[in-house]
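Subject: Structure handover

Hi,

Here is the structure I promised to pass on. Please open it alongside this note.

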Amino acid sequence: MSSPADAHDQHRRPGADGRPRPRARIRNERVVFTRMSSSQDRAADLITSFAGSLPFVYLHAVWFSGWILLNEGVFGDAAVFDRYPFGLLTMIVSLEAIFLSTFVMVSQNRADTRQNLRADLDFETNVRSEVWSVHIGRALGLDPEEIERHVQEIVTRARAEISSGHPAPQDPDRF
């Protein structure tokens, strides 16, 4: 499936050397995740988001209150259909709990999938950045191994600071 951006890329003007200019292929996690979602997934998310809201609580408070008042005979004995201990209400609430817990698990699985997608895209971005950095460094005449040693020293010091909870004295040549 091609997007308008892909169609635009096919008609890019060449750079000064006659070759097409490279384009950064940045994928938006939200767009990718939305394309992966089915209507069932979106329905589960909607149900879970409503079930986790205060309107859901208010609706249930009104429903339970009305049910109990009705079945305690407040509106007359003819309206009573589920006498105390409200066996029908208990069964309905149990079934609702089963379905809601299933919807929550579906939404949690989708959240895990989304986190994994985000991690994959972050990893891809990091790899791209590292490759570009190495190429730029080489073009500038820098030694990638020397830079990596320096980075490892800084990372080691930063981890030590984090684990000790005390920042090290600031070195003006630190970075």
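Below is what was found in it, from the overall fold down to single residues.

Please keep in mind that this is a predicted model.

Overall fold

The chain has six helices and zero strands. From the N terminus on, the order of elements reads α-α-α-α-α-α. The chain has 175 residues, and 14% of them count as buried.

End of H4

Helix H4 covers residues 54–71, and Asn 71 belongs to it. Is Asn 71 buried or exposed? Its relative accessible area is 3%. The cut-off for buried is under 20%, so Asn 71 counts as buried.

Loop between H4 and H5

Two backbone features are worth a look here. The peptide bond from Tyr 84 to Pro 85 is cis, and its omega is near 20°. Pro 85 sits in the loop between H4 and helix H5, the latter spanning 87–139. Phe 86 is found in the loop between H4 and H5 as well. Its phi is near 55°, a positive value in a residue other than glycine. Most peptide bonds are trans, and most residues other than glycine have a negative phi. Phe 86 has a relative accessible area of 9%. That value falls under 20%, so Phe 86 is buried.

Arg 30 and Arg 118

Helix H2 runs over residues 29–36 and includes Arg 30. With a relative accessible area of 57%, Arg 30 is exposed, because the cut-off for exposed is over 50%. How far apart are Arg 30 and Arg 118 in sequence and in space? In sequence, 88 residues separate Arg 30 from Arg 118. In space, the distance is 9.0 Å, C-alpha to C-alpha.

Negative patch

The surface carries a negative patch. Its members are Glu 130, Asp 143, Glu 145, Glu 146 and Glu 148. Which helix gives the largest share of the negative patch? Helix H6, residues 144–164, does, with three residues. Glu 145 is one of the patch members, and Glu 145 lies in helix H6.

Where to look

For a quick tour, begin with the cis bond from Tyr 84 to Pro 85 and the positive phi of Phe 86. Finish at the negative patch, where helix H6 gives the largest share.

Best wishes

Key. Residues are numbered from 1 along each chain as its sequence is written. This is a predicted model: local features need pLDDT of at least 70, side-chain atom pairs count only at pLDDT 80 or more; totals for chains, interfaces and linings use all residues. Side-chain values use heavy atoms; hydrogens and water are left out. Patches are made of residues with over 30% relative accessible area and no salt bridge: like charges are joined within 9 Å, nonpolar side chains (Val, Leu, Ile, Met, Phe, Trp, Tyr) within 5 Å. Accessible areas come from the Shrake-Rupley method with a 1.4 Å probe; for residues, only the protein chains shown count as cover. A salt bridge is a side-chain nitrogen of Lys or Arg within 4 Å of a carboxyl oxygen of Asp or Glu. Lys and Arg count as positive and Asp and Glu as negative; His and the chain ends are not counted. The place of a charge is taken as NZ of Lys, CZ of Arg, CG of Asp or CD of Glu. Helices (H or I, at least four residues) and strands (E, at least two) are DSSP runs, numbered from the N terminus. Buried means under 20% relative accessible area, exposed over 50%, partly exposed in between (1.4 Å probe, protein chains only).
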